[in-house]
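This report goes through one protein model, from helix packing to single positions. Please keep the sequence and the structure in view while reading.

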Amino acid sequence: MATMAECRSALDTLSDNLATAEGDVRSAAALDRSLSCHIKDLGITFTGRLKEGRIQVLDTIEGPPSEKAEIRLAMNGDDLVAMVNGNLKFAKAWASGRVRLEASLRDLMRLRTLL
């Protein structure tokens, strides 16, 4: 099972990857939205913002998110680490129910380039 530190490191790596992306991926990541990533098996949620093509983690809280972020992710820590490392495709994880993504329809349409 991935640790909280490994999950935080994976989010930092994902942020770095988004910041150096080009083309459609870069424009899709250019949203300014509140973000939460609930790590179900650890019982924690990272909260922050997707802003200027980067994920800014602002807080880590126990349990599910207390406020509804504009973009909400939920998954196990191992799945987060595997996706960021390229060992698990988001589409496969989402289709199988291992990852949950919630956002407005408009944001989902923009984010599909990232997925």
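Which residues in helix 1 meet which residues in helix 3? On the helix 1 side they are Glu-6, Cys-7, Ala-10, Leu-11, Thr-13 and Leu-14, and on the helix 3 side they are Gly-77, Leu-80, Val-81 and Val-84.

## Model and confidence

The model is predicted. The protein chain has a mean pLDDT of 91, and 97% of its residues reach 70 or more. Among the elements of the chain, strand 1 (residues 33-39) has the highest mean pLDDT, at 97. The lowest mean, 73, belongs to helix 2 (residues 23-28).

## How helix 1 and helix 3 pack

The axes of helix 1 and helix 3 come within 9 Å, and the crossing angle is roughly 30°. Angles under 35 degrees count as roughly parallel, and the two helices are therefore roughly parallel to each other. Their crossing is left-handed.

## Helix 3 and its surroundings

Helix 3 is mostly covered, with 6 of its 8 residues buried. The buried positions are Gly-77, Asp-79, Leu-80, Ala-82, Met-83 and Val-84. These buried residues pack against helix 1, strand 1, strand 4 and helix 4. Just after helix 3, Gly-86 takes a positive phi of about 85°.

Leu-80 is part of helix 3. Is Leu-80 buried or exposed? Its relative accessible area is 4%, and the cut-off for buried is under 20%, so Leu-80 is buried. Apart from neighbours within four places in sequence, Leu-80 is in contact with Cys-7, Ala-10, Leu-11, Ile-39 and Met-75. Asp-16 is 64 residues from Leu-80 in sequence, and the C-alpha atoms of the two are 15 Å apart in space.

## The nonpolar core

The largest nonpolar core has 28 residues. Which of its members touch the most other members? They are Ile-39, Phe-46, Leu-50, Ile-71, Met-75, Leu-80 and Met-83. The elements giving two or more residues to this core are helix 1 (4-19), strand 1, strand 2, strand 3, strand 4 (71-75), helix 3 (77-84), helix 4 (90-95) and strand 5 (100-103). In soluble globular proteins, nonpolar side chains tend to be buried together.

Ser-15 is located in helix 1. With 2% relative accessibility, Ser-15 counts as buried. Not counting residues up to four places away in sequence, Ser-15 touches Gly-53, Arg-54 and Ile-55.

Leu-18 is also in helix 1. Leu-18 has a relative accessible area of 9%, so it is buried. Leu-18 and Leu-50 are 32 residues apart in sequence, and their C-alpha atoms are 9.9 Å apart in space. Leu-50 is one of the core residues that touch the most other members.

Where is Glu-52 placed? Glu-52 is in the loop between strand 2 (44-51) and strand 3 (54-62). Most residues other than glycine have a negative phi. Glu-52 has a positive phi of about 55° although it is not a glycine. Its relative accessibility is 66%, and the cut-off for exposed is over 50%, so Glu-52 counts as exposed.

Ser-66 is found in the loop between strand 3 and strand 4. At 69% relative accessibility, Ser-66 counts as exposed. Ser-66 and Thr-47 are 19 residues apart in sequence, with 9.7 Å between their C-alpha atoms.

Ala-91 lies in helix 4. Its relative accessibility is 45%, so Ala-91 counts as partly exposed. Between the C-alpha atoms of Ala-91 and Arg-112 the separation is 9.7 Å, and these two residues are 21 residues apart along the chain.

Methods. Residues numbered from 1 in each chain as written. Predicted model: local features only at pLDDT ≥ 70, side-chain atom pairs only at ≥ 80, totals over all residues. Heavy atoms only, no water. pLDDT = per-residue confidence, 0-100. Helix = DSSP H or I, 4+ residues; strand = E, 2+ residues; numbered from the N terminus. Buried < 20%, exposed > 50% of the residue type's maximum accessible area, 1.4 Å probe, protein only. Core = buried A, V, L, I, M, F, W, Y, C linked by side-chain atoms within 4.5 Å. Contact = heavy atoms within 4.5 Å. Axes fitted to C-alpha atoms, helices over the stretch in contact; angles between N-to-C directions. Parallel < 35°, antiparallel > 145°, perpendicular 65-115°, else oblique. Left-handed = near helix turned anticlockwise from the far one by under 90°.
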